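Subject: Structure handover

Hello,

Please find the structure we discussed below. My notes on it come after.

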Amino acid sequence: MERQRRNSLILAAVCVIGALGSGAVMKMGRQTGSQIVVSVDGIEKGRYSLSEEREIEIKIENIQGEETHEGTNVIQIRDGKANIIEADCPDQLCVYQKAISKVGEMIVCLPNKIVIEVEGTEKSELDAIVN
């Protein structure tokens, strides 16, 4: 009984150390980005530095068949982070997403087909990071 308890404690300790170690590796692999790339319907519309505070208004017109959808999103860059502060889409999910600043992070507005992605100047040693 005592041996089983000792083995369980060792296993628990190894699991905790492994989890902490993998979390630290993932944090180290995340670099702060230098710019955002704004795409509308898969077409790049602009690149903006995260070091320059500004608001960017993105106007879109998506033509789908005979139906035209017009929309506007306002992106704010402040304190080295970017977020959408205003959108005319019905669900407003893009407005409620957290501000992004790390390479590979994205904000997506599906109704307006806008993708904002953070890029950096250096390539990360990691291929991908999954949250």
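The notes below cover confidence, fold, core, surface and salt bridges.

This is a predicted model, in which local features need pLDDT of at least 70 and side-chain atom pairs count only at pLDDT 80 or more, while totals for chains, interfaces and linings use all residues. Residues are numbered from 1 along each chain as its sequence is written, and side-chain values use heavy atoms, with hydrogens and water left out.

Confidence and fold

The mean pLDDT (the predictor's confidence in each residue, from 0 to 100) is 81 for the protein, and 76% of the residues score at least 70. Helices (H or I, at least four residues) and strands (E, at least two) are DSSP runs, numbered from the N terminus. Taking contacts (heavy atoms within 4.5 Å) between residues at least 6 apart in sequence, 41% join residues at least 24 apart.

Core

Of the 131 residues, 27% are buried. Here buried means under 20% relative accessible area, exposed over 50%, and partly exposed in between (1.4 Å probe, protein chains only). A nonpolar core is a set of buried Ala, Val, Leu, Ile, Met, Phe, Trp, Tyr and Cys residues joined through side-chain atoms within 4.5 Å. The largest one has 21 residues, of which Ile-36, Val-38, Ile-58, Ile-75 and Ile-116 touch the most other members. Two or more residues each come from β1 (35–40), β3 (54–64), β4 (67–78), β5 (81–87), β6 (106–109) and β7 (114–119). Beyond its neighbours within four places in sequence, Ile-58 contacts Val-38, Val-40, Gly-71, Thr-72, Asn-73, Ile-75 and Ile-114.

Surface

The protein exposes about 9200 Å², with carbon and sulfur atoms supplying 53% of it; accessible areas come from the Shrake-Rupley method with a 1.4 Å probe, and for residues only the protein chains shown count as cover. Met-106, Val-108 and Leu-110 form a nonpolar surface patch with about 280 Å² of accessible area together. Patches are made of residues with over 30% relative accessible area and no salt bridge, with like charges joined within 9 Å and nonpolar side chains (Val, Leu, Ile, Met, Phe, Trp, Tyr) within 5 Å. Val-108 is in strand β6 and, at 31% relative accessibility, counts as partly exposed. In the loop between β4 and β5 is Asp-79, which is exposed at 62%.

Salt bridges

There are five salt bridges, each a side-chain nitrogen of Lys or Arg within 4 Å of a carboxyl oxygen of Asp or Glu.

- Asp-41 pairs with Lys-113, the closest N and O atoms being 4.0 Å apart. Asp-41 is in the loop between β1 and β2 (43–49) and Lys-113 in the loop between β6 and β7, so this pair ties together parts that are 72 residues apart in sequence. Asp-41 is partly exposed at 46%, and Lys-113 is partly exposed at 29%.
- Glu-57 pairs with Lys-59, with 3.6 Å between the closest N and O atoms. Glu-57 is partly exposed at 48%; Lys-59 is exposed at 63%.
- Lys-98 pairs with Glu-105, with a closest N to O distance of 3.2 Å. Lys-98 is exposed at 58%, whereas Glu-105 is buried at 9%.

Regards
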